[in-house]
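Trainee: I am new to this structure. Could we go through the terms used for it and how each one is applied?

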Amino acid sequence: MSVFVDASTKVVVQGISPTSQGLYHALRNRAYGTKVVAGTNPRRAGEVIEGIPVFATVAEAVEATGADASFVAVPPAGSAAAILEAAEAGIAFIVCITEFTPAHDEARVYSRLRRDFPGTRLLGPNCPGIISAGQCNIGITSGDIALPGGPVGLVSRSGTVFYQAMYELTEKGVGQTTGVGIGGDPVPGTSFVDCLAAFEADPETKAVLLIGEIGGVAEEEAAAYVAAHMSKPVVAYVAGVTAPPGRKMGHAGAIISGSTGTAAAKTAALSRAGVTVARNPTEAAQAMVEIVSELP
Amino acid sequence: MDLYEYQGKQYFARFGLPVPDGETADSVEEAVAAAERLGFPVVLKAQVHVGGRGKAGGVKVAEDAAEAASHAGAILGLDIKGHVVHRLWVERASQISKEYYASFTLDRSDKRYLCMLSSKGGIDIEQVAEEDPGAIARCHVDPLDGFSEQEALALAAEAGIDEQARAGVAACLVSLYRCYDEGDADLVEINPLVLTQAGGVLALDAKVTLDDSAAFRHPEWADFAGFEELDHRERLARERGLQYVGLEGDVGIIANGAGLAMSTCDMVEQVGGRPANFLDIGGGASAEVMASALEVINTDEKVKAIFVNIFGGITRGEEVANGIVQALGRVDIKAPIVVRIDGTNAEQGRAILDSHGAEGLVSLPTMLEAARKAVELAAASASGVAGPSSGVSR
């Protein structure tokens with residue numbers, strides 16, 4: 001089992017061309033076993049690129065191939081429009097890896113999805129993607145660092161620490177169900193809480209490793225969710241324990257968040273929620289090894 | 001990008017917000033000339049990216065040219081919490097009757113915009129937030145709905161804004177929302193927003209943080225760049241396109257990805273060391289990027305050991321290793337380098353580094369071991385023990 005995507009997931013790559021980033025990653029994803037069934041590019045409709053049929057629009061790709069997930073790797077100026085096009089075409093799961101999408105575009109997209117497409121889940125923007133080990137990999141994660149078979153669900157805001165943590169688990173022989181990189185942008189489509197809820201509901205996932213970082217309130221919200229709803233053990237690491245406080249501009253941030261946002265506040269909130277908090281990714285993986293060895 | 005007050009006011013004015021007339025001045029002569037053009041009394045305000053200017057002597061009122069000259073001389077060159085004043089904003093003094101607070105920013109928790117308005121504006125607004133949170137009226141704004149004059153008037157009433165000022169404050173809020181939304185800002189804040197004795201409403205200060213990701217659709221932002229306070233390491237890194245933050249320790253850090261770079265700093269501190277910097281080389285570490293990163297670190301006299309921590313995801317281990325080897329051939333690095341490469345093709349990468357066999361270049365397989373080694377080398381150098389750092393040859 002896995003969350004959000006599995007071996008049956010069919011992926012359409014938006015904005016495909018022989019030189020696009022999307023194609024480069026999609027081919028790696030396909031080599032992993034992901035069903036990459038279509039690409040879109042209005043200027044190349046009708047072509048077949050590396051065995052991937054290209055359509056003018058996502059709607060046409062969905063109609064012809066039954067694609068139910070999309071992979072957005074277009075430049076920042078076009079990422080919001082690409083996400084909405086996929087939602088309008090009925091895509092249920094959209095992965096957007098695009099870095100530097102304007103924050104207001106993200107806020108508008110989030111609002112639009114919440115209002116008009118409640119059945120669509122967006123992962124990202126600015127995320128490494130998702131990998132259900134041995135089944136489906138959408139995004140830029142190197143598939144060989146994942147170990148199929150569970151029992152750990154992994155969720156991370158940071159990209160490289162996501163890889164690091166997954167790799168450390170795999171090195172220690174601890175498999176994963178699904179790894180979800182939610183990204184660290186201001187308005188992520190999928191939150192820690194969404195992933196924790198999915199892992200809690202997934203029978204194959206027995207424990208969750210959560211990788212946070214400083215800033216924002218996502219870890220505090222995750223802690224509240226764990227305390228109220230999680231029966232499965234959770235291990236967490238918050239990157240930036242030793243980071244100096246950034247230059248602060250204005251009062252609005254301080255008024256909204258008070259003392260939340262620092263690594264200390266986040267780790268304290270997670271500890272209070274019963275989460276095992278590690279000080280670095282190596283410790284986090286080690287803590288997970290111990291938890292997994294004690295699972296019934 | 002954080003704007004200075006004068007840039008923020010110029011940006012506000014584009015969206016129709018009322019701001020006092022003013023001019024910038026980089027010297028005493030310019031300040032006096034500006035003051036005479038504007039008409040006395042004037043306020044001279046230090047342009048620095050730090051709060052508490054007034055308390056530090058960075059804001060002064062001048063009644064005549066002699067006073068303007070004396071204040072300008074005192075403020076220019078003033079060090080305010082580590083920020084040296086190079087520029088003044090000289091503006092017509094306003095006769096203040098009341099001080100309010102207004103802002104728009106993103107509420108990350110709610111994922112909508114948040115407008116905050118208070119009738120208790122001024123320098124102690126954060127204290128007000130803590131002690132009397134009810135004094136700050138809040139209103140969430142859905143970006144698809146926008147923010148109307150009616151909502152602004154209702155919020156002004158809720159915040160207890162004086163009746164005579166409500167229409168003016170509401171108009172300011174609507175313009176401020178446009179500045180935030182169409183202006184692609186992460187934060188717009190006016191503190192204080194004042195009611196003048198003449199009954200007008202004016203933005204007396206401006207805090208604006210622009211969303212760098214939206215720069216592609218704002219060519220006019222180019223006017224704001226080029227006048228920023230950075231230390232020399234940060235300036236060099238910026239020129240090379242690297243994400244760099246200077247810290248106080250002696251272990252130089254290079255990593256790929258912001259999270260891993262922070263994580264590397266965490267690990268170094270946990271094994272007893274102190275990071276000299278945070279440096280993220282991003283994805284796809286080429287020889288060029290690695291050389292630049294090593295060069296930036298190399299200019300930091302405090303650095304006694306360098307820890308290069310790479311997780312090969314898309315980036316392949318052997319490419320990183322080749323990058324380091326090429327960089328070593330181009331840059332004369334003073335401190336010993338500890339490299340840890342994990343992930344994709346890490347074995348090949350380590351083999352390349354081992355076969356290069358330079359003294360002062362150590363390759364270790366895990367993040368923890370490498371952190372320990374880097375900290376140990378830095379400590380050995382600091383205590384004067386002859387180690388690789390005293391004379392790296394290659």
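Mentor: Start with exposure: a residue is buried under 20% relative accessible area, exposed over 50%, and partly exposed in between (1.4 Å probe, protein chains only). This is a predicted model, in which local features need pLDDT of at least 70 and side-chain atom pairs count only at pLDDT 80 or more, while totals for chains, interfaces and linings use all residues. Residues are numbered from 1 along each chain as its sequence is written, chains are lettered from A and ligands numbered from 1 in the order in which they are written, and side-chain values use heavy atoms, with hydrogens and water left out.

Trainee: What makes the phi of A:Phe4 worth noting?

Mentor: Phi of A:Phe4 is near 65°, a positive value in a residue other than glycine. Most residues other than glycine have a negative phi.

Trainee: Which residue of chain B has a positive phi although it is not a glycine, and is that residue buried or exposed?

Mentor: B:Lys111 has a positive phi of about 65°. With a relative accessible area of 9%, B:Lys111 is under the 20% limit and is therefore buried. B:Lys111 sits in the loop between β7 and β8 (112–118) of chain B.

Trainee: How do you know that A:Leu270 is buried?

Mentor: Its relative accessibility is 1%, under 20%, so A:Leu270 counts as buried. A:Leu270 is part of helix α9 (residues 263–272) of chain A.

Trainee: What does A:Leu270 touch?

Mentor: Contact means heavy atoms within 4.5 Å. Not counting residues up to four places away in sequence, A:Leu270 touches A:Glu219, A:Ala223, A:Ala236, A:Val238, A:Val275 and A:Val277. A:Ala236 is 34 residues apart from A:Leu270 along the chain, and their C-alpha atoms are separated by 7.6 Å.

Trainee: Why is B:Ile96 called partly exposed?

Mentor: The relative accessible area of B:Ile96 is 34%, between 20% and 50%, so B:Ile96 is partly exposed. B:Ile96 is in strand β7 (residues 96–107) of chain B. Leaving aside neighbours within four places in sequence, B:Ile96 is in contact with B:Val194, B:Leu195, B:Gln197 and B:Leu204.

Trainee: How much of chain B counts as buried?

Mentor: Of its 394 residues, 54% count as buried. Chain B has twelve helices and 18 strands. Among contacts in chain B between residues at least 6 apart in sequence, 69% join residues at least 24 apart.

Key. Helix = DSSP H or I, 4+ residues; strand = E, 2+ residues; numbered from the N terminus.
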